[in-house]
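Subject: Structure handover

Hello,

Here is the structure for you to take over. My notes follow below it.

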Amino acid sequence: MSEGNAHEVGDGSLTRPGDPGQRRDDQDPRDDLVEQDATAHGLRRAMANFATGVTIVTCHVDGVHYAMTCNSFTSISLDPPLVMVSASQKGRFHEHFLASDTWAVSVLAKGQGDVARHFANSARDRRRQFETVPHRVSEHSGAPLIEGALAWLDCRTVQVVPAGDHTIVLGAVLGAEVLGAGVTAPLTYFRGGFVDVPDTM
């Protein structure tokens with residue numbers, strides 16, 4: 001999902017081997033990526049068929065808010081409450097993410113594809129990227145929380161694990177809130193694009 005290889009849409013790191021950056025309708029989701037060996041290429045195409053939810057991961061460092069669109073996010077444990085984010089080491093979000101002890105995750109709802117695309121756009125002005133996105137700042141992490149999301153989580157980094165060209169960040173959940181009043185469906189990522197799940201599901 002981004003301008004690199006996995007885990008961040010549009011910032012120099014995909015959100016997994018199947019990325020939601022912007023592309024032409026007639027363009028294969030993988031055609032805009034640098035050619036790799038056959039195994040990596042096959043993994044990208046295979047994982048593009050694994051539908052996921054879509055999140056915005058945010059942090060606050062030295063007075064600046066940073067964000068990435070991410071679909072490599074999952075819960076790890078209930079006792080203690082732990083979640084995981086995978087971020088590309090080539091992405092510009094990576095260094096800020098590792099520099100911040102606390103961070104937040106907003107689980108996007110149906111209809112928030114524009115928000116996901118905004119934070120996946122590598123050309124966006126990162127110093128002003130939140131000016132057009134409704135949000136509030138978390139009391140726990142100091143990171144932005146996206147308004148209209150289905151859920152918010154505030155986390156504190158407890159472990160960082162290098163994994164190939166990505167870094168796995170394990171976070172202890174400081175707080176979690178279910179939102180999305182009147183919205184029952186999530187935004188998903190499938191085969192290189194954002195897809196709204198019907199409310200009837």
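In the hairpin of β2 and β3, which residue takes a positive phi? It is Asp 62, with a phi near 50°, and the hairpin has 2 residues between its strands. Please keep in mind that this is a predicted model.

The sheet: an open sheet of 7 strands has the order β3-β2-β6-β9-β10-β5-β4, and the pairing is antiparallel. At the edges stand β3 and β4 (73–78); each has a single partner strand, so one side of each is left without a neighbour in the sheet. On average, neighbouring strands of this sheet are turned by 30° against each other, direction ignored. Helix α2 (residues 92–99) packs on the sheet and touches β2, β3, β5 (81–88), β6, β9 (151–163) and β10 (166–178). The direction of α2 makes about 60° with that of β2.

Cysteines: the structure holds 0 disulfides. Cys 59 counts as buried because its relative accessibility is 0%, where buried means under 20%. Cys 155 counts as buried too, at 0% relative accessibility.

Regards

Key: Residues numbered from 1 in each chain as written. Predicted model: local features only at pLDDT ≥ 70, side-chain atom pairs only at ≥ 80, totals over all residues. Heavy atoms only, no water. Pairing = 2+ DSSP bridges. Helix = DSSP H or I, 4+ residues; strand = E, 2+ residues; numbered from the N terminus. Disulfide = S-S within 2.5 Å. Buried < 20%, exposed > 50% of the residue type's maximum accessible area, 1.4 Å probe, protein only. Axes fitted to C-alpha atoms, helices over the stretch in contact; angles between N-to-C directions. Contact = heavy atoms within 4.5 Å.
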